[in-house]
Amino acid sequence: MKINLTVNGHAVALDVAPHRTLGDVLRNDLGLTGVREGCSTGDCGACTVLFNGTPIVSCLMLIPDAEGASVVTIEGLTKDGRPDPMQAAFVEKGAVQCGFCIPGMILASKAEDVPEGNLCRCTGYKKIQEAIREERRRTRPQA
Ligand code: FES
Ligand code: FES
């Protein structure tokens with residue numbers, strides 16, 4: 001079936017089977033490998049993308065439901081070769097611990113003060129929380 005959506009600011013027209021998920025199409029058809037698939041059951045948050053500005057788990061969204069949407073993946077955060085402030089804070093605070101869950105963590109952190117749907121299985125949340133606080137301090141000093 002034909003699907004039209006916007007991905008990282010670019011209009012995309014696809015012809016895909018309707019049973020496929022948004023995460024699968026982003027990663028395997030569009031080559032956006034920052035979209036990780038961990039659990040495939042909506043539990044880990046590794047596949048998080050911003051969907052019309054809201055974090056969603058892309059492993060649970062069927063591609064027909066993305067018709068007309070605006071989707072942002074981790075690849076879409078970098079502007080003119082410069083990292084997004086949240087990406088920079090994660091690097092500075094040593095919060096990029098494994099690389100697998102971090103794209104989803106960063107995207108969720110852009111929209112939520114405490115991203116509760118993103119699991120870390122390796123090291124813990126201390127540095128991740130420090131990075132989010134640092135980004136908030138820099139970008140929302142009045143908050
Ligand atoms: S892969 Fe989607 S929530 Fe885990
Ligand atoms: S930082 Fe990815 S599992 Fe801990």
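The structure is a predicted model, in which local features need pLDDT of at least 70 and side-chain atom pairs count only at pLDDT 80 or more, while totals for chains, interfaces and linings use all residues. Residues are numbered from 1 along each chain as its sequence is written, and chains are lettered from A and ligands numbered from 1 in the order in which they are written.

Helices (H or I, at least four residues) and strands (E, at least two) are DSSP runs, numbered from the N terminus. Strand β1 (residues 2–7) and β2 (residues 10–15) pair in the antiparallel sense over 6 bridges; two strands pair if DSSP finds at least two bridges between them. The hairpin of β1 and β2 has 2 residues between the strands, and Asn 8 takes a positive phi near 50° there. With β5 (residues 70–72), β1 pairs in the parallel sense over 2 bridges, and Thr 6 stands opposite Ser 70.

A residue is buried if 20 or more other C-beta atoms, placed from the backbone, lie within 10 Å of its own, exposed if 12 or fewer, and partly exposed in between.

An open sheet of 5 strands has the order β2-β1-β5-β3-β4, with mixed pairing. Its edge strands, β2 and β4 (54–57), each pair on one side only.

The axes of helix α2 (residues 85–92) and helix α3 (residues 102–111) come within 10 Å and cross at roughly 125°. This makes α2 oblique to α3. Axes are lines fitted to C-alpha atoms, for helices over the stretch in contact, and angles run from 0 to 180 degrees between N-to-C directions. Angles under 35 degrees count as roughly parallel, over 145 as roughly antiparallel, 65 to 115 as roughly perpendicular and the rest as oblique. From α2, Met 86, Gln 87 and Phe 90 meet Ile 102, Ile 106, Ser 109 and Lys 110 of α3; residues are in contact if their C-beta atoms, placed from the backbone, lie within 7 Å.

Gly 34 is found in the loop between α1 (22–29) and β3 (48–51). Gly 34 counts as partly exposed because it has 19 C-beta neighbours inside 10 Å. Not counting residues up to four places away in sequence, Gly 34 touches Thr 73, Ile 74, Glu 75 and Pro 103.

Key: Contact = placed C-beta atoms within 7 Å.
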